[in-house]
Amino acid sequence: ATMGPFVLRAPPRIGGDEAEAPQCLLAGLSLDVSPCKNYEWVPKEPSPLAERLAELGGCELLRLATCPVAVGCLRPMSPPPP
């Protein structure tokens, strides 16, 4: 398992200008989770970060510092039939 810090970078834009830059880098954040044995990662769809950006605008960084958000969960997988 890996624990941060993690570097976040905006994806490269091809032929765009600065006016098209995303409002918040965290709004498009997706996680590639490797769950432990017998569990599966279930992301929330749509992303709560993108939803809050659409509703409130601004950037998620300051909101995350004061208000955590669940972006998914680990769900136990059903055991195989006997």
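Me: Which residues does E60 touch, not counting those up to four places away in sequence?

Reply: Contact means heavy atoms within 4.5 Å. By that rule, E60 touches C24, L26, L49, R52 and L53, with residues up to four places away in sequence not counted. Keep the source in mind: this is a predicted model, where local features need pLDDT of at least 70, side-chain atom pairs count only at pLDDT 80 or more, and totals for chains, interfaces and linings use all residues. Residues are numbered from 1 along each chain as its sequence is written, and side-chain values use heavy atoms, leaving out hydrogens and water.

Me: Where is the place of E60?

Reply: Helices (H or I, at least four residues) and strands (E, at least two) are DSSP runs, numbered from the N terminus. E60 has its place in helix α2.

Me: With which residue does E60 form a salt bridge?

Reply: Side chains of opposite charge can pair when their charged atoms come close. The criterion is a side-chain nitrogen of Lys or Arg within 4 Å of a carboxyl oxygen of Asp or Glu. E60 meets it with R52, where the closest N and O atoms are 2.6 Å apart. E60 also meets R63 in a salt bridge, at 2.7 Å from N to O. E60 and R63 sit 3 residues apart in helix α2 (residues 60-66), which means they are separated by about one helical turn. Together, R52, E60 and R63 are linked in a network of salt bridges.

Me: Which side chains does a polar contact of 2.6 Å join?

Reply: A polar contact is a pair of N or O atoms within 3.5 Å; within protein, one must be able to donate a hydrogen and the other to accept it, and residues adjacent in sequence count only if both atoms are side-chain atoms. The 2.6 Å contact joins the side chains of E60 and R52. A polar contact of 2.7 Å joins those of E60 and R63.

Me: In which helix does R52 lie, and with what is it in contact?

Reply: R52 lies in helix α1 (residues 48-56). Its relative accessible area is 16%, so R52 is buried. Leave aside neighbours within four places in sequence, and R52 is in contact with G57, E60, R63, L64, C67, P68 and V69.

Me: What are the buried residues of α1?

Reply: They are P48, L49, R52 and L53. Seen down the axis of α1, they fall within an arc of 140°, so they line one face of the helix. That arc is taken over the directions from the helix axis to the C-beta atoms. The buried residues of α1 pack against α2. On the other side of α1, A54 and E55 are exposed.

Me: What caps the N-terminal end of α1, and what follows α1?

Reply: S47 is the cap: one of its side-chain oxygens lies 3.1 Å from the backbone nitrogen of L49. After α1 comes G57, with a positive phi near 70°.

Me: How many salt bridges does the structure hold?

Reply: The structure holds 3. One of them pairs R75 with E40, the closest N and O atoms being 3.2 Å apart. R75 lies in strand β2 (residues 72-76) and E40 in strand β1 (residues 39-43), so this pair ties together parts that are 35 residues apart in sequence. R75 counts as partly exposed at 42% relative accessibility. E40 is also partly exposed, at 30%.

Me: How many disulfides does a search of the whole structure find?

Reply: Look for a pair of cysteine sulfur atoms within 2.5 Å. The search finds 0 here.

Me: What pattern does the chain follow along the sequence?

Reply: The chain has 2 helices and 2 strands. Read along the sequence, the pattern is β-α-α-β. Among contacts between residues at least 6 apart in sequence, 54% join residues at least 24 apart.

Conventions:
Buried means under 20% relative accessible area, exposed over 50%, partly exposed in between (1.4 Å probe, protein chains only).
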